[in-house]
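The tour goes through aromatic rings, then charges over rings, then salt bridges.

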Amino acid sequence: MATPQSDSSLSPLRTVAVVGLGTMGTGIIEVLAKAGRQVIGVDISGAQAARSVAALESSTARAVERGRLTEQERAGVLARVTTSTDLRAAADADLVIEVTPESYEVKQQVFRELDAIVRPTAVLATGTNALSVTRLAADSARPERVLGLHFFNPAPAMKLVEVVSSVLTAPQAVAAVTELALELGKEPVAVGDRPGFVADGLLFGYLNQAAAMYESKYASREDIDAAMRLGCGLPMGPLALLDLIGVDTARTVLDAMYAESHDRLHAPAPILKQLSEAGLTGRKAGRGFYTYEAPGSATVVPDALTPQEGAASAPGRPVRAVGVAGSGTMASGIAEVFAKAGYDVVLAARSEEKAEAARARIGKSLARSVDKGRMTAETAAKTLDRITPAGSYDAFADVDLAVEAVAEDLDVKRQLFEALDKVCKPGAILATTTSSLPVVACARATSRPQDVIGMHFFNPAPAMKLVEVVRTVLTADDVHATVREVCGTIRKHAVDCGDRAGFIVNALLFPYLNNAVKMVQEHYASLDDIDAAMKLGGGYPMGPFELLDVVGLDVSLAIERVLHREFRDPGLAPAPLLEHLVAAGCLGRKTGRGFREYARR
């Protein structure tokens with residue numbers, strides 16, 4: 001093995017060659033040229049090179065139209081870019097970035113040829129997100145100068161760049177490339193060499209679980225995607241994202257991840273193989289999980305699986321009055337939602353004082369809405385007048401829909417449903433807001449299991465648009481139809497789920513959070529780098545550790561235990577680090593310390 005070069009042997013990375021001029025390669029060229037670098041684009045296809053130049057011209061023209069570049073700056077960007085079909089054009093490059101297809105054979109051939117072409121001081125970077133950087137480096141004549149430089153698509157817009165070191169990489173090469181990334185206006189995250197690195201390592205496991213959920217016919221593609229967008233604030237649903245990334249690409253990444261981890265959560269869902277081998281690879285093919293207007297188009301068009309608007313459903317039951325059981329944040333938020341929609345609401349708690357306090361909390365929430373101009377003072381007053389506090393569930397005698405929002409404890413909920421069964425009139429619908437407990441267990445605590453259903457609101461209920469509607473095997477069709485209709489009336493987006501642990505959102509969200517904890521536990525990456533990677537590379541509104549501390553580590557651990565018990569998958573076992581923090585009383589923001597420390601209020 002060659003010995004690492006000294007700092008003086010690394011020239012500034014002023015001239016950069018990009019090998020492979022697909023969408024990613026073209027985007028990287030644009031980023032480099034805008035930052036003043038001389039760029040040589042290389043592709044074996046002259047037609048592809050021409051398409052890349054055309055795409056660059058079009059992109060920079062749009063930037064001028066939007067005022068992001070001047071015509072003079074655009075001319076400078078285009079003048080700094082040359083293209084070739086001959087790899088020897090990279091001979092004078094200080095840095096070569098290859099973004100060729102995800103194949104060891106292809107990438108190793110490129111690196112072998114580059115070894116004979118580039119200067120001894122040049123750094124070679126692979127843009128892989130699935131293959132071993134170490135394996136590619138070991139096959140090179142200069143392994144100390146080979147590293148990973150993983151941009152995210154679209155490269156001009158995405159801030160994250162993962163800088164991937166192998167055990168062979170010289171620190172000077174890492175430093176030089178990291179400095180370049182900063183000069184490009186990117187946020188570099190240093191990671192070790194394992195498939196998927198940080199962002200994709202977490203993202204693709206989640207995408208795989210979503211594909212498996214769809215394949216099992218647990219929920220429709222539309223409901224899975226809507227649930228994750230509305231329930232987690234993600235920019236895209238997982239199945240739409242798989243179509244954007246490429247189903248075949250996802251399968252390749254997951255294969256590489258599984259080969260290392262042997263975790264069933266990384267074993268590619270069979271549907272990914274079926275779609276890939278059928279050529280239904282997503283947007284680029286015009287069809288994947290969804291059907292598109294044309295290959296390369298982002299416009300989804302109806303197909304045989306598209307839900308029919310206004311499809312006939314069972315006639316529902318009339319709902320005029322609603323009972324909400326509980327006095328916490330979720331109960332008061334749900335009562336506010338129903339009252340805003342015009343329903344008369346009975347808000348019942350274990351005491352008159354608790355019910356009055358919950359109603360007062362709603363009054364403050366409505367006052368904030370008035371202050372922000374979202375409603376008039378008169379509307380707020382009328383809304384609050386529709387809410388009647390009660391210190392006993394006997395007040396639910398005349399409600400048409402009773403929604404419980406009490407502690408996430410099955411014994412507590414069963415006792416409440418026994419009480420509701422005695423108090424509520426025949427035909428009243430009984431709904432639980434549980435996020436992880438079996439709805440059917442609540443149903444069996446009553447003499448009318450056909451009238452019991454899940455309505456999983458998300459916190460804060462007034463702001464979050466999603467409701468997971470959870471049918472048990474005993475739920476009557478008209479009960480389901482009624483709750484779907486009520487969701488429309490209260491301006492919530494309903495998604496249908498079967499009665500199994502986690503429903504859609506938590507079943508996909510918490511394994512992702514658990515895997516993030518495992519990354520820290522294994523000293524693969526830091527909390528800050530993982531949070532940054534998921535926000536910058538995945539478009540997540542919060543990083544996993546920010547979210548865990550907000551949700552509460554005890555709540556998260558309880559949900560992960562439920563998922564593990566339900567599915568019996570070793571990969572779902574809660575990370576020991578999470579268990580240790582909970583045992584130590586470090587529960588997140590509410591205790592002042594979780595994965596991070598917080599100032600006491």
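Select Phe338, Tyr343 and Phe457, which form one aromatic cluster. Rings of Phe, Tyr and Trp (its six-membered ring) are taken as a pair if their centres lie within 6.5 Å; planes under 30 degrees apart count as stacked, over 60 as edge-to-face and the rest as tilted. The model is predicted: local features need pLDDT of at least 70, side-chain atom pairs count only at pLDDT 80 or more, and totals for chains, interfaces and linings use all residues. Residues are numbered from 1 along each chain as its sequence is written, and side-chain values use heavy atoms, with hydrogens and water left out.

Searching the whole structure gives six aromatic pairs. In the pair Phe338 and Tyr343 the ring centres are 5.6 Å apart and the planes stand at 75 degrees, so this pair is edge-to-face. Phe338 and Tyr343 are both buried, where buried means under 20% relative accessible area, exposed over 50% and partly exposed in between (1.4 Å probe, protein chains only).

Next, select Phe545 and Phe595. Their ring centres are 4.8 Å apart with planes at 65 degrees, so this pair is edge-to-face. The pair links distant parts of the chain, 50 residues apart: Phe545 is in helix α20 (residues 544–551) and Phe595 in the segment after α22 (576–583). Helices (H or I, at least four residues) and strands (E, at least two) are DSSP runs, numbered from the N terminus. Phe545 has 0% relative accessibility and counts as buried; Phe595, at 12%, also counts as buried.

**Charges over rings**

A charge sits over a ring if NZ of Lys or CZ of Arg is within 6 Å of the ring centre and within 35 degrees of the ring normal. Select Tyr104 and Arg135: the arginine lies over the face of Tyr104, at 3.5 Å from the ring centre. Then move to Tyr524, where the charged end of Arg194 sits over the ring, 4.2 Å from its centre.

**Salt bridges**

Side chains of opposite charge can pair when their charged atoms come close. A salt bridge here is a side-chain nitrogen of Lys or Arg within 4 Å of a carboxyl oxygen of Asp or Glu, and the whole structure has 30 of them.

Select Asp303 and Arg221, whose side chains meet in a salt bridge at 2.6 Å, N to O. This pair links distant parts of the chain, 82 residues apart: Asp303 is in the loop between β10 (300–301) and β11 (321–325), and Arg221 is in helix α8 (residues 221–232). Are these two residues buried or exposed? Asp303 is partly exposed at 22% relative accessible area, whereas Arg221 is buried at 2%.

Now select Arg251 and Glu277, a salt bridge with its closest N and O atoms 3.7 Å apart. Arg251 is in helix α10 (residues 247–261) and Glu277 in helix α11 (residues 270–277), so the bridge ties together parts that are 26 residues apart in sequence. Arg251 counts as partly exposed at 23% relative accessibility; Glu277 counts as exposed at 57%.

Go on to Arg596 and Asp531, whose salt bridge has an N to O distance of 2.9 Å. Arg596 lies in the segment after α22 and Asp531 in helix α19 (residues 527–538), so parts 65 residues apart in sequence are tied together. Arg596 is partly exposed at 23% relative accessibility, and Asp531 is buried at 2%.

Last, select Glu98, Glu102 and Lys107, which are linked in a network of salt bridges.
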